[in-house]
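Subject: Structure handover and notes

Dear colleague,

Please find the structure below, followed by notes on what was found in it. I would be glad if you read them with the model open beside you.

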Amino acid sequence: MRNRGTRRVTVTTAARATALTVLVILSASAALTTMTACDASGPRGGAGPGGGANAGSAARTSPSATADPTRVPGLSDRWQRRIPEESRQVVAVYGDGVDSPRSTVVLYTRHGTTWERVRAWPAHNGKKGWTTDHREGDNRSPVGVFTLSDAGGVLRDPGSRLPYTRSTAFAAPRWWSKSHWHDFDHVIAIDYNRVRGTPPNDPTRPEGRAKGGGIWLHLDHGSGTSACVSLSESAMEYLLRTLDPERRPVMVMGDRAELAR
């Protein structure tokens, strides 16, 4: 009797060991699959009259093999329709999350009916993320589609195609942290609650001061902004030399979930 009992225990133990081995193998396979998927993400990575850490990977914003080339990736029909028919350049800002200060900026150019990805950069947006109802001082960037009409900054014009106003009036106050002193060396005005055709630092707010304003593309200082979108100096210089008024450039900006909704 003891021998039969011993055999049962031995068989039961062996079965449990086999099941445990299978479970370990399955778990390891799942972990490997997860890591492989994550490997596709690149580094994350920018501040404003409105304030930039690393933004979402440019790889995540690239069109997939099955993407429709006649659309800007990541946009739902309602956002796609807001891009003017005559626009042939789109600067898309894909925010990591509704409450995240990190984003990725991607430049697209339209050739015929096809949108082609040109370049992508890590960036920063409002330190508290994004909002569809921006208010002065909320530290969130406004979600929407905005034209890009005017540029300027403290430094000389690097070859901007947009009208460029150079002035020391753009300089960040010296009582700000030193890391912010060069934020406005180059800026591109985002046409939110402003008068197009005027210098970016024109204080006029057509919709009233409560709606905020002075929202720009400008140089990154490494953390979130007050509402602006910030990029590296090389990225800003590239955009200044590339954005062409004749191509009617616009900016589509928001957190990924909202842009896809």
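Of the 261 residues of the chain, 44% count as buried, a word used here for a relative accessible area under 20%, with exposed meaning over 50% and partly exposed anything in between (1.4 Å probe, protein chains only). Please bear in mind that this is a predicted model, in which local features need pLDDT of at least 70 and side-chain atom pairs count only at pLDDT 80 or more, while totals for chains, interfaces and linings use all residues. Residues are numbered from 1 along each chain as its sequence is written, and side-chain values use heavy atoms, with hydrogens and water left out.

The chain holds four helices and 11 strands, taken as DSSP runs (H or I of at least four residues for helices, E of at least two for strands) and numbered from the N terminus. Strand 8 (residues 187–190) runs antiparallel to strand 9 (residues 216–219), to which three bridges join it; two strands are said to pair if DSSP finds at least two bridges between them. Within that pairing, V187 has H218 as its bridge partner. On to strand 10 (residues 229–231), strand 9 is joined by three further bridges, this time in parallel, and L219 stands opposite L231 there.

The loop between strand 9 and strand 10 contains H221, which is buried because its relative accessible area is 14%. The side chain of H221 makes a polar contact of 3.0 Å with that of H180 and another, also given as 3.0 Å, with that of S223; such a contact is a pair of N or O atoms within 3.5 Å, where within protein one must be able to donate a hydrogen and the other to accept it, and residues adjacent in sequence count only if both atoms are side-chain atoms.

Leaving out residues up to four places away in sequence, M251 touches V91, V93, G144, V145, F146, L148, I190, L217 and V229, contact meaning heavy atoms within 4.5 Å.

Turning to charged pairs, the count comes to 13 salt bridges, each being a side-chain nitrogen of Lys or Arg within 4 Å of a carboxyl oxygen of Asp or Glu. One of them joins the side chains of D133 and K211 (3.9 Å, N to O), and this pair links distant parts of the chain, 78 residues apart, with D133 in the loop between strand 4 (130–131) and strand 5 (141–142) and K211 in the loop between strand 8 and strand 9. D133 counts as partly exposed because its relative accessible area is 40%. In helix 3 (residues 233–242), R241 and E237 lie four residues apart, about one turn of the helix, and their closest N and O atoms are 4.0 Å apart in a salt bridge. Salt bridges that share partners also join D150, D191, R194 and R196 into one network; within it, the closest N and O atoms of D191 and R194 are 2.7 Å apart.
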